[in-house]
Amino acid sequence: MRFTPNLICNRDDIELAKRSDVVQGKMDSQRIVIAVDLDYFFAQCEEVRNPELKKKPLVICVFSGRTEISGAVSTANYVARKLGVRSGMPIANAKKLLSQNKESVFLPVDQDYYQTVSERLMQTIRSFSAIFEQVSVDEAFIDISAVIGNDFEVAAKLGKTVKQEIYRQEKLTCSVGVGPNKLMAKMAADFEKPDGLTIIRPNQVKAFLKPMPVRKLLGIGPKHEQKMEQLGIGTIEDLSKFDTGALSDAFGKNLGPHFKNLAQGLDDDPVRQRPVEQLSRIVTLKEDADSFWFEEDLRPLAADISDRLISLGLKCRAIGIVGITSELKTRSKAKTLTHPINSSVLILRNSAELFRDLFSSLATEHVRLRRAGIRVSVLSSEELGEEESEEQSTLTSFLSS
Ligand code: TTP
Ligand code: MG
């Protein structure tokens with residue numbers, strides 16, 4: 001059975017799909033969830049920045065710094081994966097695997113860049129449904145039942161539009177799964193990678209899961225798999241038919257029945273917004289700085305963070321700065337605010353203060369900064385305090401001082 005339909009998508013369908021009045025009355029019968037997972041995310045971000053990398057084996061590394069090659073592989077593009085490179089393997093092993101390939105490129109992770117791309121991606125995905133859950137830096141769910149009811153044909157087109165929109169905005173490919181719950185949507189997204197689109201309708205769930213080995217079922221780890229093997233459970237179908245009491249004996253009274261539900265494709269976990277804990281932006285300065293003169297470089301970072309906070313309806317209660325020195329050492333400072341803020345000028349003001357402090361402590365060491373960043377945390381949707389408006393009025397004098 002094929003689960004990947006060949007769809008032709010058109011904007012009118014989607015506009016129709018977004019009109020909730022078209023689907024009134026169908027909502028309580030069924031959920032439709034879309035899972036989005038970016039393909040080889042960190043490595044693909046690097047390819048967007050430098051398209052020449054596309055045809056080369058590309059490995060993104062978390063260097064531990066002890067030796068030139070100590071550390072682990074974060075991810076790799078599919079060219080490198082075809083040659084055996086995998087997330088989590090020692091960099092030394094990846095180097096060995098690619099030793100014959102002169103074109104191979106090994107890059108360090110650039111967390112801030114990926115984070116910035118991720119935040120834009122999440123905004124795009126969220127624009128398709130307010131019932132949204134970010135699972136990781138490159139993965140999210142949306143529940144589209146309230147938008148399109150239980151029409152899987154429209155859902156399939158919407159899934160395709162999500163892919164197209166992400167590609168149009170970021171030039172990144174992703175794999176999308178559409179299913180009746182989070183479990184099935186995620187398994188659908190994993191089914192065809194990279195650049196896949198897999199739809200699992202409710203009447204296809206059983207056939208989809210049936211032949212798969214149990215380790216493919218989300219939530220089943222290597223230890224569970226081992227135990228299941230001892231019980232004679234090899235496929236997801238075996239698990240779905242296994243005696244519930246015996247599963248409870250083997251895995252406990254919660255986990256045993258839970259596994260059986262998963263094997264039947266059942267999952268009632270709602271798609272829910274997880275709180276955003278912090279936002280950060282970092283910039284490489286035009287020139288390494290030995291005094292606080294680069295306020296102009298900070299202004300766009302503060303504006304970016306402010307826009308993001310406002311779009312999420314959040315304010316921050318703590319603000320921090322990070323400076324990366326010319327020697328690539330990290331220095332940071334942070335402060336707690338008396339009142340939550342989200343305005344760009346106040347974020348700039350508070351981070352500027354922290355940078356002034358940082359520079360006075362660096363002055364004696366003759367250290368220069370290469371990169372400067374702002375991070376806000378302790379986010380909440382609290383209302384502005386009165387003090388913020390007072391602070392606003394005194395701000396101009398501070399900035400021009
Ligand atoms: P994943 O989505 O698991 O992997 P991926 O996007 O690189 O590849 P795929 O096409 O299979 O989805 O993780 C997202 C990012 O998280 C990944 O690009 C790098 C980072 N990551 C690590 O740093 N270490 C790891 O072990 C894994 C699995 C991911
Ligand atoms: Mg991914």
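Which polar backbone atom is 3.0 Å from an oxygen atom of ligand 1? I looked it up, and the backbone atom belongs to Phe41. I note that the model is a predicted one.

**Entry: contacts of the ligand.** I found two further polar contacts. An oxygen atom of ligand 1 lies 2.8 Å from a polar backbone atom of Tyr40. An oxygen atom of ligand 1 is also 2.8 Å from an N or O atom in the side chain of Ser74. I then checked the area: ligand 1 taken alone exposes 550 Å², and the protein buries 67% of that.

**Entry: the shell.** I counted 13 residues around ligand 1. Tyr40, Ser74, Thr75, Tyr78 and Arg81 are the closest of them. By class, I get 5 nonpolar, 3 polar and 5 charged residues in this shell. Strand 1 (33–38), helix 2 (41–49), strand 3 (71–76) and helix 3 (78–82) each give two or more residues to the shell. I also looked up the domains: domain 1 (5–40 + 113–206) and domain 2 (41–110) each supply at least three shell residues.

How many bridges join strand 2 and strand 4? I read 4 bridges, in the parallel sense, with strand 2 covering residues 58–63. I looked up one partner: Leu58 is bridged to Val105 in strand 4.

Terms used
Residues numbered from 1 in each chain as written. Chains lettered and ligands numbered in written order. Predicted model: local features only at pLDDT ≥ 70, side-chain atom pairs only at ≥ 80, totals over all residues. Heavy atoms only, no water. Near = heavy atom within 4 Å. Polar contact = N/O pair within 3.5 Å; in protein donor to acceptor, adjacent residues only side chain to side chain. Areas by Shrake-Rupley, 256 points an atom, 1.4 Å probe, with all protein chains shown as cover. Nonpolar A, V, L, I, M, F, W, Y, C, P; charged D, E, K, R; others polar. Domains from an automatic or database assignment. Pairing = 2+ DSSP bridges.
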